[in-house]
Amino acid sequence: MKTPKELSRIIAANVRKRRKERKLSMQALAEKSGVSYGSVKRFESSGQISLLSLLKIATVLDCADRFETLFAEQEIRSIQEIIDGKV
């Protein structure tokens, strides 16, 4: 299991990769999202960002819909999942 700090750095690396795939500079991402350049830069280097800013960035990078299911109930697919404690 990863720590919150590890997860935030993984998310930041994924954002950086997606930003580069779309050929956006940090400055361009900042302008399009309404998040300050400093916040974008800090996020990509440390993983630290507010949830609202992360959602703004996710919107620009077409990933915001994934947040809708983040804490949603899991669909039970089999009785074995219940027995195994996966649900």
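Q: What makes a stretch of this predicted model count as a helix, and which helix holds Ser-46?
A: A helix here is a DSSP run of H or I with at least four residues, numbered from the N terminus; Ser-46 is found in helix 3, which covers residues 37-46.

Q: Why is Ser-46 called buried?
A: The term buried applies under 20% relative accessible area, and Ser-46 has 18% relative accessibility, so Ser-46 counts as buried.

Q: What makes the approach of the Ser-46 side chain to the backbone oxygen of Arg-42 a polar contact?
A: The cut-off for a pair of N or O atoms is 3.5 Å, and the side chain of Ser-46 reaches the backbone oxygen of Arg-42 at 2.7 Å, which therefore falls within that limit.

Q: Which residues is Ser-46 in contact with, once its neighbours within four places in sequence are left aside?
A: Ser-46 is then in contact with Ser-8 and Arg-9, where contact requires heavy atoms within 4.5 Å.

Q: What makes up the lining of the largest pocket, by class?
A: The lining has 12 nonpolar, 3 polar and 3 charged residues, and of its 18 residues Ile-11, Val-15, Leu-54, Cys-63 and Phe-67 lie nearest the centre of the pocket, in which there is about 520 Å³ of space.

Q: Which helix supplies the largest share of that lining?
A: Helix 1 does, with 6 residues; helix 1 (4-21) and helix 4 (51-60) each supply at least two.

Terms used
Residues are numbered from 1 along each chain as its sequence is written. This is a predicted model: local features need pLDDT of at least 70, side-chain atom pairs count only at pLDDT 80 or more; totals for chains, interfaces and linings use all residues. Side-chain values use heavy atoms; hydrogens and water are left out. On a 1 Å grid over the protein atoms alone, a cavity is a set of points where a 1.4 Å probe fits but cannot get out, and a pocket is an open set with protein on both sides within 12 Å along at least five of seven lines; lining residues have an atom within 4 Å of a point. Grid points are joined across faces, edges and corners, and a volume is the space filled by probe spheres set on the points. Ala, Val, Leu, Ile, Met, Phe, Trp, Tyr, Cys and Pro count as nonpolar, Asp, Glu, Lys and Arg as charged, and the others, Gly among them, as polar. Buried means under 20% relative accessible area, exposed over 50%, partly exposed in between (1.4 Å probe, protein chains only). A polar contact is a pair of N or O atoms within 3.5 Å; within protein, one must be able to donate a hydrogen and the other to accept it, and residues adjacent in sequence count only if both atoms are side-chain atoms.
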